Amino acid sequence: MKNIPVFIILCALLAQIGCKSKEEAKHHETRFLVTSPIQKDTSITKDYVAQIHSIRHIELRALEKGYLKEIHVDEGQYVQKGQKMFNIMPNVYQADLQKAEAEAKIAEIELNNTQLLADGNVVSTNELSMAKATLEKAKAEVSLAKTHLGFTDVRAPFDGIMDHLHVREGSLLDEGELLTTLSDNSQMWVYFNVPEAEYLDYIMSKEKDEKKSVGLLLANNKPFNQKGIVQTIEGEFNNETGNIAFRATFPNPDKILRHGETGSILMTIPFKDALIIPQKATFEILDKKYVFVIDEDNVVQQTEVSVAAELPHLFVISNGLKPEDKILLDGIRMVKNQEKIQTEFAEPNEVIPKLAVYAE
């Protein structure tokens, strides 16, 4: 009776050893799916927060002091170049003009009289010259009075859309007082900030002298119907953000864009002969990305890679892999570095279309 428990224990140990051996054999028989990077031309679209400005956005101010007699336009109205917008009470300036014209007439009469006397050698040539100078001065006063009178009519300097009215009819205006603002929206300047590293990539590329085409995503998440051109880069970096401002110009034929709007610049960045791998073939250790490369002896080699760009379900690799490398696709958590495994190869052209429906 005492030998029975020992016998049972031995049987149990043998069974456990047998099961463990079967599990190990099963692990060694597992075939892991591997693939290779695919090399092809591709591109990514980066977006940058943008501020939209009119190509011309100015303040309209009173050039003379006086009462605002009339406002000929309304807020948000489209005005044409030369169109009268405001009229400052012109009575005083009209009187100044009439006075200047009268003095010019007197100076002209005096010159004619002096000329007759000079012809008869009654007065000297100096007196004649003084009479001529007096007339020229009077004419200058007339011109100045006309200029001041002209300033009482405030006209649009270009075609554009006017903004909020800062004054009302009957207001007493000081010289230089703000009346409204005017925006030329025929073209728009869109400013966006680019990080230093991306600026260096752009400025050192072969395409730096070409006009870069960009898109614009509006605040309602709809694309603007015109393409823009990157035309200039500001001269200094922002020391706080490490960014530098780019400026793109967009045509605005339908007057959709207005000064002060926001949006996102969409810039397409091409990659020639890029190495592309599935994102699920990578794993992270301390903010670094790695893949398992399978060598000729089917031994797993942990390899660090550098990601240049991210696409849906894919990474563009800039360093760490060669086109002919084989990388582990499935079972990343089941293998260890330097472990020998059984593999099954899948062509990358067959793997990539299935990534969207993959669920680990």
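**Figure 1. Accessible surface and overall make-up of the predicted chain.** Accessible areas come from the Shrake-Rupley method with a 1.4 Å probe, and for residues only the protein chains shown count as cover. Of the 360 residues in the chain, 34% are buried; buried means under 20% relative accessible area, exposed over 50%, and partly exposed in between (1.4 Å probe, protein chains only). The secondary structure comprises 5 helices and 19 strands, taken as DSSP runs numbered from the N terminus (helices: H or I, at least four residues; strands: E, at least two). Among contacts with a separation of 6 or more, 74% involve residues 24 or more positions apart, a contact being heavy atoms within 4.5 Å. The model is predicted: local features need pLDDT of at least 70 and side-chain atom pairs count only at pLDDT 80 or more, whereas totals for chains, interfaces and linings use all residues. Residues are numbered from 1 along each chain as its sequence is written, and side-chain values use heavy atoms, with hydrogens and water left out.

**Figure 2. The open, antiparallel sheet β6-β5-β3-β8.** In this order, 4 strands form an open sheet with antiparallel pairing; two strands pair if DSSP finds at least two bridges between them. Strands β6 (153-155) and β8 (172-173) stand at the edges with a single partner strand each, so one side of each has no neighbour in the sheet. Strands of a sheet pair through backbone hydrogen bonds, in either a parallel or an antiparallel manner.

**Figure 3. Bridge partners within the sheet.** Strand β5 (residues 84-88) is joined to β6 by 3 bridges, and K84 stands opposite R155 in β6. Strands β3 and β5 pair in the antiparallel sense over 3 bridges; here I71 has F86 in β5 as its bridge partner. Strand β3 (residues 66-71) also pairs with β8 in the antiparallel sense, over 2 bridges, and G66 has L173 in β8 as its bridge partner.

**Figure 4. A nonpolar surface patch that includes L172.** The patch is formed by Y67, M89 and L172, which together have about 290 Å² of accessible area. Patches are made of residues with over 30% relative accessible area and no salt bridge; like charges are joined within 9 Å, and nonpolar side chains (Val, Leu, Ile, Met, Phe, Trp, Tyr) within 5 Å. A salt bridge is a side-chain nitrogen of Lys or Arg within 4 Å of a carboxyl oxygen of Asp or Glu. L172 is found in strand β8 and is partly exposed, at 47% relative accessibility.

**Figure 5. The aromatic cluster of Y48, F192, Y202 and F246.** The structure holds 7 aromatic pairs; rings of Phe, Tyr and Trp (its six-membered ring) pair if their centres lie within 6.5 Å, with planes under 30 degrees apart counted as stacked, over 60 as edge-to-face and the rest as tilted. The F192 and F246 rings have centres 5.6 Å apart and planes at 40°, so this pair is tilted. F192 lies in strand β9 (residues 178-195) and F246 in strand β12 (residues 243-251), so the pair ties together parts that are 54 residues apart in sequence. F192 is buried, with a relative accessible area of 1%, and F246 is buried at 2%. Y202 and F246 form an edge-to-face pair, 5.4 Å centre to centre with 65° between the planes. This pair links Y202 in helix α4 (residues 196-203) to F246 in strand β12, 44 residues apart. Y202 is also buried, with a relative accessible area of 14%.
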